[in-house]
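Please consult the sequence and the model shown here while reading.

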Amino acid sequence: MKPLFNHGPSAAVRMVIALALAFALIIADLHYRQLDVLRSSLAVTVYPLHFLAALPARIARDVENQVVSNMELRAENDRLHRENLSLRARLQRFASLESENERLRNLLGSAFKVGERVLIAELLEVDLDPYRQQVLVDKGALSGVFVGQPVLDANAVMGQVVRTNPLTSTVLLITDARHSLPVKINRNGLRSIAIGSGLVDQLNLLHVPKKADVRVGDLLVTSGLGGTYPPGYPVARVTEVRIEPGKRFATVSAEPTARLDRSHEVLLVWSLPKLMESGAMTKTDGEHAAAINSNLEP
């Protein structure tokens with residue numbers, strides 16, 4: 001490169017001149033703002049250079065932030081997933097407890113309506129085949145349970161005890177083909193016998209005259225005849241009334257109002273004075289029952 005000054009002043013003189021020029025420009029810029037336009041033009045000119053110079057650092061910073069964000073999002077997603085599973089499990093438990101609480105409330109409500117001595121028992125085993133419809137409950141002779149004792153759920157009559165052991169009892173459901181139950185129509189008092197059909201959702205009424213006042217939807221309740229079931233408890237609702245030529249009686253079907261295939265707790269009901277008078281209980285059983293009844297609500 002060809003020197004600018006081949007025979008000019010010395011380096012010291014040029015330094016002094018440059019410094020003087022620099023101070024003059026600084027003073028002019030401070031007092032008169034004459035270099036703003038020049039500064040702006042230079043900034044616009046060199047902006048692409050600044051952008052390109054800063055681009056690698058910016059890209060590296062964006063990549064780092066993206067990686068960190070992805071890792072944080074994955075960690076947070078895993079934590080939320082675990083919390084969701086835990087909360088769903090707890091929610092299922094709450095739903096089960098709520099359902100159990102509702103069942104117990106209904107049973108306590110039924111016990112209040114019964115007005116007799118009652119004992120709540122839980123089902124241990126269910127047998128609902130067409131030839132044998134019965135359940136096994138966790139209360140037996142040691143709890144004062146006796147053969148022939150009526151059993152209810154929160155809605156209606158379920159059946160009666162047919163076998164007792166010291167700790168368990170077998171309950172024959174009203175839908176068993178061997179079971180019969182004196183009932184009456186709650187609307188008009190018409191009496192009949194409801195027998196089991198072997199189906200968990202059907203009872204049949206015996207000897208109903210063709211001209212009898214029976215309607216679909218009528219509520220059947222216990223009549224109290226026979227002495228096994230107290231009178232006035234719901235049993236079933238009439239679902240079909242069919243008149244067939246050649247038959248002396250009408251065909252009447254009803255659906256039990258008890259939740260025979262869904263109840264988990266049942267009510268064992270008895271009236272102690274009547275049982276002691278009838279001799280249906282032994283002295284030992286009676287003592288057990290009296291001891292139990294003393295701890296039950298009236």
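Of the protein's 298 residues, 30% count as buried, where buried means under 20% relative accessible area, exposed over 50% and partly exposed in between (1.4 Å probe, protein chains only). The model is predicted: local features need pLDDT of at least 70 and side-chain atom pairs count only at pLDDT 80 or more, whereas totals for chains, interfaces and linings use all residues. Residues are numbered from 1 along each chain as its sequence is written, and side-chain values use heavy atoms, with hydrogens and water left out.

The protein contains four helices and twelve strands; helices (H or I, at least four residues) and strands (E, at least two) are DSSP runs, numbered from the N terminus. Among contacts between residues at least 6 apart in sequence, 56% join residues at least 24 apart, a contact being heavy atoms within 4.5 Å. The protein exposes about 19500 Å², of which carbon and sulfur atoms supply 58%; accessible areas come from the Shrake-Rupley method with a 1.4 Å probe, and for residues only the protein chains shown count as cover.

Strand β3 (residues 150-152) pairs with β4 in the antiparallel sense over three bridges, and a hairpin of four residues joins β3 to β4. Two strands pair if DSSP finds at least two bridges between them. β4 also pairs with strand β5 (residues 169-173), in the antiparallel sense and over five bridges; four residues lie between β4 and β5 in their hairpin. G159 stands opposite V151 and also opposite L173 in β5.

M158 belongs to strand β4 (residues 157-164) and is buried, with a relative accessible area of 1%. Not counting residues up to four places away in sequence, M158 touches several residues, among them V151, L173, A258 and V266. M158 and S263 are 105 residues apart in sequence, yet their C-alpha atoms are 9.7 Å apart in space.

## The surroundings of Q133

Q133 is placed in strand β2 (residues 132-137) and is buried at a relative accessible area of 1%. The side chain of Q133 reaches the backbone oxygen of G198 at 2.7 Å. Leaving aside neighbours within four places in sequence, the contacts of Q133 include D127, V171, T175 and V200.

## Salt bridges

A search of the whole structure finds eleven salt bridges, each being a side-chain nitrogen of Lys or Arg within 4 Å of a carboxyl oxygen of Asp or Glu. One of them joins D127 to R132, with the closest N and O atoms 2.9 Å apart. D127 is buried at 17% relative accessible area, whereas R132 is partly exposed at 40%.

R187 and D218 also meet through their side chains in a salt bridge (2.9 Å, N to O). R187 lies in the loop between β6 (180-185) and β7 (191-196) and D218 in the loop between β8 (203-209) and β9 (219-222), so the pair ties together parts that are 31 residues apart in sequence. R187 is partly exposed, with a relative accessible area of 36%, while D218 is buried at 6%. A network of salt bridges links R187, D213, R215 and D218.

M15, L19, F23, I26, I27 and L30 make a nonpolar surface patch of about 630 Å². Patches are made of residues with over 30% relative accessible area and no salt bridge; like charges are joined within 9 Å and nonpolar side chains (Val, Leu, Ile, Met, Phe, Trp, Tyr) within 5 Å. I27 is found in helix α1 (residues 11-32) and is partly exposed, with a relative accessible area of 46%.

Definitions and conventions:
A polar contact is a pair of N or O atoms within 3.5 Å; within protein, one must be able to donate a hydrogen and the other to accept it, and residues adjacent in sequence count only if both atoms are side-chain atoms.
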